[in-house]
Amino acid sequence: MQTFFQQILNALQLGSVYALIALGYSMVYGIITLINFAHGDIFMVSTYVAFFVGSALMAYAFKLPGLITFLLTMLASMFFTAFLAVMIERFAYRPLRKAPRVSAVITALGVGLFLENFTLATIGPHPRFLPPIIPVHRFTIFGIATSNIQLIIIFVSAIVMFLLDTIVRRTMVGMAMRAISWDKFTVPLMGVPMDRIISITFALGASIAAVGGTLYGFVYTIDPYMGIRIGWWAFISAVIGGIGNIRGAMLGGYLLGLVEIFTPVILPSSTYRDFVAFSLLLLLLIFRPYGLLGRPVTMKV
Amino acid sequence: MKRLALLLGLIVALSLVVTSCAPKPGVIKIGVNAELTGGIPVVGQSCKNAAELFVEEVNKAGGIEVGGRKYTIQLLIEDNEDKAESAAAAALKLHTAGVLLMIGPNASRNAIPAAEVAETNKMPMISPWSTNPKTTIDPKTGKPKKYVFRACFIDDFQGVVAAKLGVELGVKKPAVLFDVASEYNKGIAEVFKKTVEELGYPVVAYETYTTGDKDFSAQLTKIIAAGADGLFLPNYYSEVPLQVQQARKLGFKGIIFGSDSWGNLELIDLCGMDCDGLYFTTHYAPDIATPQAQAFIKAYQAKYGKVPDDVAALTYDAFGIAVTAIKQAGKIDREAVVEALRKISRYEGVTGVLEYRGTGDPIKSAVVLKVDVPGKKFTYYTTAKP
């Protein structure tokens with residue numbers, strides 16, 4: 001039983017990161033029905049920003065308390081990544097908004113490749129860890145081993161997701177986003193600044209991914225290709241939860257965290273992991289194509 | 001027009017003078033197939049560094065004499081991206097470029113497919129670091145390949161050394177976590193399991209993962225639940241720090257030890273104090289270097305500012321063996337070089353004495369090193385003779 005709860009905790013840590021990235025896929029899809037395949041690589045860039053800002057703060061800054069350094073690092077990463085995503089939208093996606101859907105998807109893949117290879121060429125392929133901004137403390141509660149970092153990952157993710165949910169449901173910007181996703185032909189006629197709202201959506205999605213990226217870099221190594229697999233898993237999370245649906249993306253993220261952890265527990269090897277995840281996706285697309293929390297779309301003729 | 005003709009004539013005349021001045025040394029092309037990008041870039045870099053150092057030394061000394069004529073070495077370096085298919089493609093590219101022989105790839109998961117290409121195209125290949133037995137064995141006949149050699153021991157030996165090390169360190173309930181998608185890791189894990197069980201200590205958990213995984217908490221939780229007191233990690237230096245940290249985070253208190261794939265100082269940078277005092281088996285120890293090895297270590301340090309790791313030392317030896325064979329062959333011909341390689345029975349390199357007994361696999365000693373994190377180095381612990 002203890003082992004079981006230990007595995008649940010392991011899954012929560014991974015699931016939090018997947019959920020944070022899945023949100024970006026879901027929000028962008030919700031608003032302009034584009035699957036932003038560069039999102040995994042935007043996440044990768046965010047970990048590198050956190051790496052450089054964190055290292056610089058550790059090296060030069062005044063003896064700041066760990067928590068402040070952590071928050072500064074995360075905010076810097078969020079800010080820069082949001083800026084990057086807005087630029088990508090402005091220069092790579094916006095000119096194609098009226099083009100066939102597939103052009104935009106291919107462009108997104110291209111942007112992803114560009115980010116990967118740009119990072120590889122400028123920073124190099126060596127895996128790295130974020131500097132120990134917050135010293136690790138390991139302890140056990142009720143026989144379950146954990147660490148302060150793990151709890152930070154789980155709680156910070158939960159808080160950020162709650163904030164995002166509130167923004168989307170309770171603010172004017174959120175209302176405008178939901179309105180555009182509902183009907184992108186009529187809403188601009190009502191005076192909603194469509195371009196600005198789309199930019200804000202990209203910025204929000206990317207900064208949430210940057211929260212995930214900063215947290216991820218504390219416990220896992222980062223490298224230029226890390227965005228590929230994580231991006232795929234987050235994408236599956238978003239689709240399983242119901243792409244375009246924010247709570248669905250969170251649910252999907254945690255679900256895939258469970259899949260990743262419990263595959264090697266139940267099946268003989270973690271090699272089956274992708275098989276399980278993609279099978280889940282396939283089954284869902286057959287029986288519930290709009291995802292767990294999504295609503296079926298009816299086309300009007 | 002006249003002026004142009006004059007100029008052309010002058011150029012032709014000049015080039016004739018230059019070429020006829022002295023007999024120009026010939027050029028031998030040697031290919032390097034290394035993991036410069038991908039999961040283990042430091043391995044590729046060390047291999048490239050040692051190759052360039054060796055060639056620089058040889059060319060500075062005027063090249064090598066083959067059949068009465070001087071030759072300089074020209075290196076052709078290809079990146080195999082640490083991918084099986086790219087390693088095979090790189091081998092083919094080097095073959096087409098007309099290299100006399102190929103050094104590399106280093107990791108077994110790349111060396112095995114590249115060795116297939118080398119064998120089919122009759123191109124001699126020496127892998128510095130690939131310890132998996134399959135590299136030099138023809139999968140169809142089960143016999144040794146004709147054109148493939150290596151400069152390191154094989155995992156049938158290393159797995160036994162690691163198993164004995166575990167028992168010596170007092171492990172009673174060993175567990176293994178290894179990459180099931182990588183030939184090297186898989187091969188050595190199997191030999192380890194077989195040997196410790198023969199020594200009377202059944203493996204309590206035998207867990208796997210796939211290349212590129214970063215979260216091992218599920219498998220490690222299982223290992224801890226099985227009550228293991230020793231964990232063998234025959235995995236690459238870029239993954240081991242995550243595994244050690246996650247094991248300690250989950251409360252694993254037992255002994256952790258590994259194999260030659262740990263032997264890179266990057267391990268210490270990534271892992272920090274969690275890896276302090278851990279042991280691994282490997283090819284050479286700078287601490288107990290022979291005079292010849294010391295000269296190499298000094299030259300390498302002067303050029304690159306760091307102590308050569310095992311990949312660098314083995315690459316240097318691979319080149320040493322190759323050049324010895326080329327000299328003995330007496331002509332620039334692949335078949336003659338392979339013949340000469342077959343005839344080398346003993347070679348004293350920087351990683352110790354290599355003895356070949358008719359196959360491409362040398363017989364040599366292994367050493368056990370201990371990770372010293374505060375000192376940022378690996379210290380010599382013991383030697384295991386074959």
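**Exercise 1. Disulfide geometry in chain B**

Determine which cysteines of the predicted model are joined in a disulfide, and state the handedness of the link.

*Solution.* 
Step 1. The criterion is a pair of cysteine sulfur atoms within 2.5 Å.
Step 2. The angle about the S-S bond is 75°, and the link of Cys271(B) and Cys275(B) is right-handed.
Step 3. Accessibility is then assigned to both ends. Cys271(B) has a relative accessible area of 4% and is therefore buried; Cys275(B), at 0%, is buried as well.
Step 4. Cys47(B) takes part in no disulfide, the nearest cysteine sulfur being that of Cys152(B), 12 Å away. Seen from Cys152(B), the closest cysteine sulfur is in Cys47(B), and the 12 Å between them is too far for a bond. Cys47(B) is buried at 0% relative accessibility, and Cys152(B) is buried with a relative accessible area of 0%.
Step 5. Over all chains, the count is one disulfide.

**Exercise 2. Salt bridges in chain B and a network in chain A**

Describe the salt bridges of Glu56(B) with Lys60(B) and of Glu81(B) with Lys83(B), then name the residues joined into one network by shared partners.

*Solution.* 
Step 1. In the pair Glu56(B) and Lys60(B), the closest N and O atoms are 3.6 Å apart. Both residues lie in helix α2 (residues 41-60) of chain B; because they are four residues apart, about one helical turn separates them.
Step 2. Glu56(B) is partly exposed, at 32% relative accessibility, while Lys60(B) is exposed, at 69%.
Step 3. In the pair Glu81(B) and Lys83(B), the closest N and O atoms are 3.7 Å apart. Glu81(B) is partly exposed with a relative accessible area of 33%, and Lys83(B) is partly exposed at 40%.
Step 4. Glu89(A), Arg94(A), Arg97(A) and Asp195(A) are joined into one network through salt bridges that share partners.
Step 5. Over all chains, the whole structure holds 28 salt bridges.

**Exercise 3. Two open sheets of chain B**

Give the strand order and pairing of the seven-stranded sheet and of the three-stranded sheet, and identify the edge strands of each.

*Solution.* 
Step 1. The open sheet of seven strands runs in the order β8-β7-β9-β10-β11-β15-β16 (chain B), and its pairing is mixed. Its edge strands are β8 (205-209) and β16 (377-384) of chain B, each of which pairs on one side only. From one strand to the next, the twist averages 25°.
Step 2. Within chain B, strand β9 (residues 230-233) pairs with strand β10 (residues 255-258) in the parallel sense, over four bridges. Phe232(B) has Phe257(B) as its bridge partner in β10(B).
Step 3. The open sheet of three strands has the order β12-β13-β14 (chain B) and antiparallel pairing. At its edges stand β12 (346-349) and β14 (362-363) of chain B; each has a single partner strand, so one side of each is left without a neighbour in the sheet.
Step 4. β12(B) pairs with strand β13 (residues 352-356) of chain B in the antiparallel sense, over four bridges. The bridge partner of Arg346(B) in β13(B) is Glu355(B).

**Exercise 4. A nonpolar surface patch in chain A**

List the members of the nonpolar patch on the surface that includes Phe155(A), and give their accessible area together.

*Solution.* 
Step 1. The patch is formed by Phe155(A), Ile159(A), Phe162(A) and Leu163(A), which together have about 470 Å² of accessible area.
Step 2. Phe155(A) is located in helix α5 (residues 148-170) of chain A. With a relative accessible area of 51%, Phe155(A) is exposed, because the cut-off for this class is over 50%.

How values were computed: Residues are numbered from 1 along each chain as its sequence is written. Chains are lettered from A and ligands numbered from 1 in the order in which they are written. This is a predicted model: local features need pLDDT of at least 70, side-chain atom pairs count only at pLDDT 80 or more; totals for chains, interfaces and linings use all residues. Side-chain values use heavy atoms; hydrogens and water are left out. Buried means under 20% relative accessible area, exposed over 50%, partly exposed in between (1.4 Å probe, protein chains only). Patches are made of residues with over 30% relative accessible area and no salt bridge: like charges are joined within 9 Å, nonpolar side chains (Val, Leu, Ile, Met, Phe, Trp, Tyr) within 5 Å. Accessible areas come from the Shrake-Rupley method with a 1.4 Å probe; for residues, only the protein chains shown count as cover. A salt bridge is a side-chain nitrogen of Lys or Arg within 4 Å of a carboxyl oxygen of Asp or Glu. Two strands pair if DSSP finds at least two bridges between them. Axes are lines fitted to C-alpha atoms, for helices over the stretch in contact, and angles run from 0 to 180 degrees between N-to-C directions.
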